[in-house]
Amino acid sequence: MVRAEWAIFEEDYWAINNVLEDLLKSSRSGFVMLIDRTGQLISQCGPDVEFDLTSFASLCAADFEANYQLAKLIGEKDFSTLFHQGAQDSMYLGKIAKGVVLVVLFNKSTTLGLVRLRVKRAMEELDGIIEALYEKLEYRNEEYDAIDESFTLEVEAEIDSLFAD
Amino acid sequence: MSLINYSSREINCKVVYYGPGLGGKTTNIQYVYEKLAPETKGKLVTLATEMDRTLFFDFLPLELGEVKGFKTRFHLYTVPGQVYYNASRKLILRGVDGIVFVADSSEARFDANIEALYNLHENLKEYNLSLDEIPFVIQWNKRDMPDAIPVDELNQELNPEGYENFEAVAVNGVGVFDTLKCVAKQVLRQLQTA
């Protein structure tokens, strides 16, 4: 059995993806993604991007964390959404349950008002999915068996071959 | 915070390099970045000041080959070494799966090591974590310094718990991969409980 902090199962993944797809279309955004608080990419939706997505996710999480601390310093509990405006492209970030963060990239083909409106709805739906997912983790362990001793040994061998001087 | 995605069949783990300022944390990650094949590494992100001091963090994602249909990824982070960036250090520790403490072997930096270790304990406490429950490896870096303290002595003073430790000269790559291998395997073992 595996003791991961959390896991995404197939059905949750698709439930999340449906919300992201709907958000992408209804807000006329360019790209949406969901990351966890440590910057791990959970799911993404939209055309392939030219930048490094893993780094982007990590920086988004750091951005959110830094702003969370800023909020605390000025006596706020949280900044639940963040908006970064660029000349062409802008970003809108929103906090979901359990520290999961929704990131939306958009350009001038839509408006901040529309993005904000659609994000609000998507955040409510994602809140429900993430909360339910955490509840499920309490009792659903059987699938964790996929990662057993033989798996660990094989990955260890991978580590040895990859990190060889 | 390790994340297993059963749909995309990915396992993601976070390893943080901690330690005193100018101890060689960024050098460790840079060496790993330089040595690994392009297909196994992502972009090296560095948020540094003009003086090349780490301001927020360095970040390097690594990807192991597929095993039983699962891709395993390690995300390597460094924290800023200077104490006045403690808020940033604390943020990076969130969801950590394994820690490498990069200690400076030189006598002149002995106190800085103690201070950084103490600070690590304090920051972990804020997340209700302790080193007893997180994979933890110490790297005695800068073994080539003329005033390097003998490893026995360093272990006695800074590592009475006997955590796994490695000698290193990170700038030449000595000990860098040994340290990373050790912490990566410990993280993996932690994922799999008997």
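The structure is a predicted model, in which local features need pLDDT of at least 70 and side-chain atom pairs count only at pLDDT 80 or more, while totals for chains, interfaces and linings use all residues. Residues are numbered from 1 along each chain as its sequence is written, and chains are lettered from A and ligands numbered from 1 in the order in which they are written.

Chain B contains five helices and eight strands, where helices (H or I, at least four residues) and strands (E, at least two) are DSSP runs numbered from the N terminus. Along the sequence these elements follow the pattern β-β-α-β-β-β-α-β-α-β-α-β-α. The radius of gyration of chain B is 16 Å, close to the 16 Å that the globule rule gives for 194 residues, so the chain is as compact as a globular protein of that length. The radius is taken over C-alpha atoms, and the globule rule is 2.2 Å times the number of residues to the power 0.38. The C-alpha trace of chain B spans about 50 × 35 × 30 Å along its principal axes. Of its 194 residues, 47% count as buried; a residue is buried if 20 or more other C-beta atoms lie within 10 Å of its own, exposed if 12 or fewer, and partly exposed in between, with C-beta atoms placed from the backbone. Two residues are in contact if their C-beta atoms, placed from the backbone, lie within 7 Å. Among contacts in chain B between residues at least 6 apart in sequence, 71% join residues at least 24 apart.

The largest nonpolar core has 95 residues, and those with the most contacts inside it are A:I35, A:V101, A:L102 and B:V16. Such a core is a set of buried Ala, Val, Leu, Ile, Met, Phe, Trp, Tyr and Cys residues joined through C-beta atoms within 7 Å. Helix 5 of chain B (residues 176-191) gives the most to this core, with nine residues. This helix has 16 residues and reaches 23 Å from its first C-alpha to its last, close to the 22 Å expected at 1.5 Å a residue, the expected span being 1.5 Å times one less than the number of residues. Helix 5 of chain B is mostly covered, with 12 of its 16 residues buried, among them B:F177, B:L180, B:V183 and B:L191.

Helix 1 of chain B (residues 25-35) is likewise largely enclosed by the rest of the structure, because eight of its 11 residues are buried. The buried residues of helix 1 include B:I29, B:Y31 and B:V32. They pack against strand 2, strand 4, strand 5, strand 6 (98-104) and helix 5 of chain B.

The contact between the chains takes 39 residues from chain B and 42 residues from chain A. The largest share of the side of chain B that touches chain A, nine residues, comes from helix 5 of chain B. By class, this side has 18 nonpolar, 14 polar and seven charged residues; Ala, Val, Leu, Ile, Met, Phe, Trp, Tyr, Cys and Pro count as nonpolar, Asp, Glu, Lys and Arg as charged, and the others, Gly among them, as polar.

In chain A, strand 2 (residues 31-35) and strand 3 (residues 41-45) pair in the antiparallel sense over four bridges. They form a hairpin with five residues between them, and A:G39 in the turn has a positive phi of about 90°. A:I35 stands opposite A:L41 in strand 3 of chain A. Not counting residues up to four places away in sequence, A:I35 also touches residues including A:I42, A:A57, A:V101 and A:V103.

Two loop residues of chain B have positive phi values without being glycine. B:K68, with phi of about 50°, is found in the loop between strand 4 and strand 5, and is exposed, with 12 other C-beta atoms within 10 Å. B:N128, with phi near 55°, is found in the loop between helix 3 and strand 7 (136-141), and counts as exposed with 7 C-beta neighbours inside 10 Å.

Methods
Two strands pair if DSSP finds at least two bridges between them.
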